[in-house]
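Here are my notes on this model, point by point. Please keep the structure open while you read.

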Amino acid sequence: MYVADSRATPGAPTSAEPAARPRAGRRRAVGSTVFALGAVSLITDVSSEMVTAVLPLYLVAGLGLSPLGFGLLDGVYNGFSALVRLLGGRFADSGGGRHKTVAVLGYGLSALCKPLLLVAGTLPQIGAVLAADRTGKGLRTAPRDALISLSSTPEAQGRAFGVHRAMDTAGALLGPLVAFLILRATVDGYDAVFTVSFCVAVLGVVVLVLFVPRQKRGPVPAGGSAAPERPRTSRARQRTKPSRALVRITLCATLLGLATVSDAFVYLVLQRQLGVPERWFALLPLGTAAAFLLLAAPLGRLSDRVGAWPVFLGGHVALLAVYALLLTHARTPALPCVVLLLHGAFYAATDGVLMAAASVGIPREHRSSGLAVVQTGQAVARFGCSLGFGAAWTAWGDRTALSAAAVLLAAGATAASFLRPTRTEARP
């Protein structure tokens, strides 16, 4: 049952209000829609991470692509979704809210791309398939996060996103392990991985269609409950505050994204600076994912209690600590574990928490497109950081590049602490 169902209907007699008050303590509970979307993300991440785990080896060793060709495809795979998020968010908000429809379209498009990898044998063909897959991801991300936000109360936004991100990360942990087992158990391993990945992705679409309800239309605040109609002057004033908060949040996310080094570079620096054996390199992402899984829900609840921005900025302090540890010359056995723990804590304190902070200040009718603006700004900034970090590494070395990223991150976090929206602006 949705929390919104327990609230009084606008215009209802005052005698009904006392009956609703005893249930107010349940407003912080995470709704069934969040768990259903978490299950969809878990299943879909198992599918996508199966492909991600074997794709580099498949492209380079199996198809004989050059490092330049692989770099181009990797850029398409990681950066293309940012180009279509705004489109997906705007389309989801049109017509009274098509969040579930656009999410189904995005998940379905990504699922259809998995078997196409079996027949794509040239660089243009593989690039087209990966671009289509990332288009699906770009279309579904903002509508999915809007569904999470709209099915949760303002007081439980952090908890809802934390639970979802924890379930999502569980899929990211399982995917590489499933791919590893398939490769060991089959002769033609890559074909088997892509086939199983397609079947798992279809299961995720089925769960989305059957178990995630559509959001009801109408102007409803962040908690998903109905609210009394307000005078036009109040509503006109209300529209300016979310837009100002959205600008501030997007600016903060973009500034910090410009100093967020991609995971691949973090793992490469970790392997080189701390002497991680090459045979363990493929397991480094699992360390980050495990820490993310354990901390996402607790840090989401913490953001509901103390506020989203202290947790969000604290996550970037954890990332700054990662940079500092990577710049040391110490090679103790525990240091890689500490780096991966802090790296996972960074994601747990920022990924869902940022969406929770942005959701509260965006009206229901613009929730998906507003979240897409924040996500796009952050994604484009991180893509630019990856390009700049790679160029700096090539020109001056990894330590100089990482030192520059640390300085930029410290400056960005300081600026974000002043630019963050005020409490008045953050309220719908």
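1. A contact here means heavy atoms within 4.5 Å. By that rule, and leaving aside neighbours within four places in sequence, aspartate 145 is in contact with Phe161, Arg165, Met355, Leu371 and Gln375. Aspartate 145 lies in helix α6 (residues 123-150). Helices (H or I, at least four residues) and strands (E, at least two) are DSSP runs, numbered from the N terminus.

2. Basis of the notes. This is a predicted model: local features need pLDDT of at least 70, side-chain atom pairs count only at pLDDT 80 or more, and totals for chains, interfaces and linings use all residues. Residues are numbered from 1 along each chain as its sequence is written, and side-chain values use heavy atoms, with hydrogens and water left out.

3. Overall make-up. The protein chain has 16 helices and zero strands. Of its 428 residues, 49% are buried. Buried means under 20% relative accessible area, exposed over 50%, and partly exposed in between (1.4 Å probe, protein chains only). Among contacts between residues at least 6 apart in sequence, 84% join residues at least 24 apart.

4. Back to aspartate 145. Is aspartate 145 buried or exposed? At 0% relative accessibility, aspartate 145 counts as buried. Its side chain and that of glutamine 375 are joined by a polar contact of 2.8 Å. A polar contact is a pair of N or O atoms within 3.5 Å; within protein, one must be able to donate a hydrogen and the other to accept it, and residues adjacent in sequence count only if both atoms are side-chain atoms.

5. Threonine 44. This residue lies in helix α2 (residues 32-62). Threonine 44 is buried, with a relative accessible area of 9%. A polar atom of its side chain lies 2.8 Å from the backbone oxygen of valine 40. Beyond four places in sequence, threonine 44 is in contact with Tyr107, Arg140 and Gly204. Two of these partners also meet: the charged end of arginine 140 sits over the ring of tyrosine 107, 4.6 Å from its centre. The criterion is NZ of Lys or CZ of Arg within 6 Å of the ring centre and within 35 degrees of the ring normal.

6. Glycine 300. Look in helix α11 (residues 284-306). Glycine 300 counts as buried, at 1% relative accessibility. Leaving aside neighbours within four places in sequence, glycine 300 is in contact with Gly158 and Arg159. Glycine 300 and valine 163 are 137 residues apart in sequence, yet 7.6 Å apart in space, C-alpha to C-alpha.

7. Aromatic pairs. The whole structure holds six. Rings of Phe, Tyr and Trp (its six-membered ring) pair if their centres lie within 6.5 Å; planes under 30 degrees apart count as stacked, over 60 as edge-to-face and the rest as tilted. Phenylalanine 265 and tryptophan 393 have ring centres 5.8 Å apart and planes at 50°, so the pair is tilted. Phenylalanine 265 is in helix α10 (residues 263-273) and tryptophan 393 in helix α14 (residues 367-396), so the pair ties together parts 128 residues apart in sequence. Ring pairs link Phe265, Phe389 and Trp393 into a cluster.

8. Nonpolar core. The term covers a set of buried Ala, Val, Leu, Ile, Met, Phe, Trp, Tyr and Cys residues joined through side-chain atoms within 4.5 Å. The largest has 97 residues; Val261, Leu270, Tyr323, Leu326, Val374 and Phe389 touch the most other members. Helix α13 (residues 334-360) gives the largest share of this core, 13 residues.
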